[in-house]
Number of protein chains: 2
Amino acid sequence: MSRETAARGRRPKRGRTRQALMDAALDLVAKKAPFSSLSLREVTKRAGVVPTAFYRHFPDMSALGLTLLDESFRTLRQMMREVRQHELPNERMIRGSMETFFTYVRNNRTHFLFVSKELYGGSPTMRQAIRREIRLFVSELAMDMARFPFLTQVSAQDLQMMASLVVNGVVALTQEMLELDEDDEAGQHEMLILAEKQVRLIYFGVAQWRSDSDQPAEPLGLERVPPGVE
Amino acid sequence: MSRETAARGRRPKRGRTRQALMDAALDLVAKKAPFSSLSLREVTKRAGVVPTAFYRHFPDMSALGLTLLDESFRTLRQMMREVRQHELPNERMIRGSMETFFTYVRNNRTHFLFVSKELYGGSPTMRQAIRREIRLFVSELAMDMARFPFLTQVSAQDLQMMASLVVNGVVALTQEMLELDEDDEAGQHEMLILAEKQVRLIYFGVAQWRSDSDQPAEPLGLERVPPGVE
DNA sequence: AATATTTGTGAACAGGTGTTGACTATGAAG
DNA sequence: CTTCATAGTCAACACCTGTTCACAAATATT
């Protein structure tokens, strides 16, 4: 008895509306304004649903945002775990890690666009959540670095500092890559090369580090520069 | 809350309304939402002016935003120039530069808060403008680094890469510092120490770098990989 | 097949939004 | 003093906002 009364009767909208709302929000963020300046009605319209239907799935917009955030990070965390288990700490590791990470970013563009814009522009709750996730990555990377033979004498605090340097760099490059056009192959590859170089550069510095004295192993001539340079 | 909402009785309203609008927007961004989700009426209300008065000074909100951006960077550029001229490339330079820079950030908190939120959350025009400024700082730093005697053989491209690493790191730490409470002396000092360490670490890596081979001066035990790596 | 629960609809509200046009106060220039 | 452009006010508009409520449709449970 499929009666279509006012021509409003639509297809089976089982639990799909919820996902439709999330996708709609993600789309709008990707090609328009940040999430905070996104209206409930806008999202529902794009999802092909009447505004009031929103409340069947989320109490308000900020709840949608947090759900989106969770969705964004859950798969990312899982991927990072796998990378950490498979890779070994050698020269090729850097390239491999960067490659898999940036490929992942590419395949989940809208999610990263969302997170990127919320990192500093979002509500306090959002920002805090994101920064917590980032700090988690830093700690895990620091743990990995602790296993490097030439870093056994570096303090945990300095390891954290080094790891955050790497993660911050990757985050910045990720955001810069998101500014590129979606199918700018050359640009994205260039970004990958750059990322690898930068991380490698940091690792060179790391190898020179002594944390006990808060000083480098060698002065390496930084301060031996003659004052007549200017 | 000592806002002079009673500006109605004040005489000299000459060119002050324009600045009042800018200050109001800056205040709102600092303690509320990002600039994009800021309404014209909200700004005028805070400035103690009727909404229509806005159009006497700016065609629309985005024009206000660009003006704010310009105001934010003009003094910063000037300060950076002075630092670049006074400082010498030695060990103390890093500490000194970081100190003056972070002090400046502290004294211009609202401006940096504004820029920080617009970097990734703002309109395309805004983001582009900000990234252009950042790229400018990178280039200038790269020029400074080119004068380091132990970097004369590094390619211009790699110098750019190194400089962007430093700048990105400082940007990230700046944004992190802005998350701290305004009068959290300890936290801000800690951030300064961290910044100095990170920059110093990068410089150690820099000293190891050889750009002609895209490889480090020494394998330094990261891996005993043969030189024939892609 | 009858019932109950979830999910989507439509109308309506109170209030905020950008922008208009005509009008008025201000202060400088003639 | 008069003239005139600048800068601020007021009322009004058409539109978009979040949220409410009662109702209808679709699905699940009995």
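Which helix of chain A holds A:Leu194? A:Leu194 sits in helix 8, residues 185-208. This is a predicted model. Across all chains it holds 29 salt bridges. Its largest nonpolar core has 139 residues.

**A:Leu194**
- A:Leu194 is partly exposed, because its relative accessibility is 26%.
- Beyond neighbours within four places in sequence, A:Leu194 contacts A:Leu173 and B:Met161.
- A:Leu173 is 21 residues from A:Leu194 along the chain, and their C-alpha atoms are 8.5 Å apart.

**The largest nonpolar core**
- A:Phe35, A:Leu64, B:Phe35 and B:Leu64 touch the most other members of this core.
- In chain B, domain 1 (16-56) and domain 2 (66-211) both contribute residues, so the core lies between them.
- Setting aside residues up to four places away in sequence, A:Leu64 touches A:Leu21, A:Met22, A:Ala25, A:Phe35, A:Val43, A:Phe54 and A:Phe58.

**A salt bridge between chains**
- A:Lys197 pairs with B:Asp158 in a salt bridge, with the closest N and O atoms 3.0 Å apart.
- This pair crosses from helix 8 of chain A to helix 7 (residues 156-179) of chain B.
- A:Lys197 is buried at 8% relative accessible area, and B:Asp158 is buried at 2%.

**Salt bridges within chain B**
- B:Asp70 and B:Arg74 form a salt bridge, their closest N and O atoms being 3.6 Å apart.
- These two lie about one helical turn apart, because four residues separate them in helix 3 (residues 61-86).
- B:Asp70 is partly exposed, at 36% relative accessible area.
- B:Arg200 and B:Glu196 form a salt bridge with closest N and O atoms 3.8 Å apart.
- Both B:Arg200 and B:Glu196 are buried.

**A network in chain A**
- Salt bridges with shared partners link A:Arg81, A:Arg84, A:Glu140, A:Asp144 and A:Arg147 into one network.

Key: Residues numbered from 1 in each chain as written. Chains lettered and ligands numbered in written order. Predicted model: local features only at pLDDT ≥ 70, side-chain atom pairs only at ≥ 80, totals over all residues. Heavy atoms only, no water. Buried < 20%, exposed > 50% of the residue type's maximum accessible area, 1.4 Å probe, protein only. Contact = heavy atoms within 4.5 Å. Core = buried A, V, L, I, M, F, W, Y, C linked by side-chain atoms within 4.5 Å. Domains from an automatic or database assignment. Salt bridge = Lys/Arg side-chain N within 4 Å of Asp/Glu carboxyl O.
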